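Subject: Structure handover

Hello,

Here is the structure for your work. My notes follow below it.

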Amino acid sequence: HTLVTVARQEGLMSLYTGAKFALLRQGTYGTIRLGIYYSIKDAWERKNVGVKMPLTHLVMLGGTAGVIGSYVTTPTDVMRVRMQACHHTKSPPLLRSFLNIFKTEGMKGVYRGAVPNAQRAAVVNGVQIPTYDVTKRNLLAAGFQDNKWTHFGSSLFAGFLGSCFSQPIDVAKTRMMNQKLLKNPNVRLYKGVLDTLLSTARHEGIPALWKGFVPTFCRLGPWNVLFFMSLEQFRLWDNFINCRSKAVF
């Protein structure tokens, strides 16, 4: 209903408001967090031959990789959220958007919401990536084939759990990023993540912390499926190329 209403009232392209900021963030954030996670995980398992990295290690590794990636890319996320909030304004160039926020609010404005952003990333990556790895591992141990259906089920479940755990922090992050520095002392700003969560639950009820869960899962679910299934194909190609290289030499 929301998609149809927005498209009818504001045009089809309004559904992609802030897309360039989202693409920039996803390209940098995804590369950093997944590069850190799989590089360290693969190195650990090569060192400990025949032993899979424990779940606790995977969760800590995923959370740490998410925090590093999110903090580095927070400015792009701030620009994306602001642009989507001001949907009637034409999207300015990336550099100009950054400079506008920096001139009016300083570095605090550029990194506004960095803490909840990092906390959300820690939760999402600490749940989502290990969930895929562990679910796939258990399905294979139960006798399932290492094929696209196993990858599909594992990735979709990872997206569901990631959405469940991250949504309250996502609500807090979005509200904190949308608030600007106001000079009016009578206007109360959210003081932090915990304050935002408590204030939202107190005034709107606990279910309000999961506002937007359906669109979040509709985004994370397909994204996880596309990403992990693509990753598995790249792994197959990589193994194939390595095998051919060894055969030649």
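Which residues does Ala201 touch, not counting residues up to four places away in sequence? They are Ile206 and Leu209. Contact here means heavy atoms within 4.5 Å.

Ground rules first. This is a predicted model, in which local features need pLDDT of at least 70, side-chain atom pairs count only at pLDDT 80 or more, and totals for chains, interfaces and linings use all residues. Residues are numbered from 1 along each chain as its sequence is written, and side-chain values use heavy atoms, with hydrogens and water left out.

**Overall**

The protein chain has nine helices and zero strands. From the N terminus on, the order is α-α-α-α-α-α-α-α-α. Helices (H or I, at least four residues) and strands (E, at least two) are DSSP runs, numbered from the N terminus.

The chain has 249 residues, and 39% of them count as buried. Buried means under 20% relative accessible area, exposed over 50%, and partly exposed in between (1.4 Å probe, protein chains only). The accessible surface comes to about 14,800 Å². Carbon and sulfur atoms hold 67% of that surface. Areas come from the Shrake-Rupley method with a 1.4 Å probe; for residues, only the protein chains shown count as cover.

Take the contacts with a separation of 6 or more: 73% of them join residues 24 or more positions apart.

**Helix H8 and Ala201**

Ala201 sits in helix H8. Ala201 counts as partly exposed because its relative accessibility is 22%. Its C-alpha atom is separated by 10.0 Å from that of Pro168, 33 residues apart along the chain.

H8 covers residues 193-204, twelve in number. Its end C-alpha atoms are 16 Å apart, which agrees with the 16 Å that 1.5 Å a residue should give. The expected span is 1.5 Å times one less than the number of residues. Buried in H8 are Val193, Asp195, Thr196, Leu197, Ser199 and Thr200. Gly205 follows H8, with a positive phi near 95°.

**Helix H3**

H3 (residues 55-72) has 18 residues. From first C-alpha to last, H3 reaches 26 Å, close to the expected 26 Å. Its buried residues are Leu58, Leu61, Gly62, Gly63, Ala65, Gly66, Gly69 and Ser70. An α-helix has 3.6 residues a turn, so residues three or four places apart point the same way.

**Tyr38**

Tyr38 lies in helix H2. Is Tyr38 buried or exposed? Tyr38 is buried, because its relative accessible area is 9%. Leaving aside neighbours within four places in sequence, Tyr38 is in contact with Ile129, Asp133, Phe228, Leu231 and Arg235. The C-alpha atoms of Tyr38 and Leu61 are separated by 9.3 Å, at 23 residues apart along the chain.

**Second largest pocket**

How much space lies in the second largest pocket? About 430 Å³. The elements that give two or more residues to its lining are helix H2 (19-47), helix H6 (114-141) and helix H9 (213-248). H6 gives the largest share, five residues.

The lining consists of Lys41, Asp42, Glu45, Arg46, Lys52, Tyr132, Asp133, Lys136, Arg137, Leu140, Glu232 and Arg235. By class, that is two nonpolar, no polar and ten charged.

Grid points are joined across faces, edges and corners, and a volume is the space filled by probe spheres set on the points. Ala, Val, Leu, Ile, Met, Phe, Trp, Tyr, Cys and Pro count as nonpolar, Asp, Glu, Lys and Arg as charged, and the others, Gly among them, as polar.

Leu226 is in helix H9. Leu226 counts as exposed because its relative accessibility is 61%. The C-alpha atoms of Leu226 and Leu156 are separated by 9.6 Å, at 70 residues apart along the chain.

Trp149 is in helix H7 (residues 148-178). Trp149 is exposed, with a relative accessible area of 62%. The C-alpha atoms of Trp149 and Met229 are separated by 9.4 Å, at 80 residues apart along the chain.

Best wishes

Note on methods:
1 Å grid on protein atoms, 1.4 Å probe; cavity = no way out; pocket = protein on both sides within 12 Å on 5 of 7 lines; lining within 4 Å.
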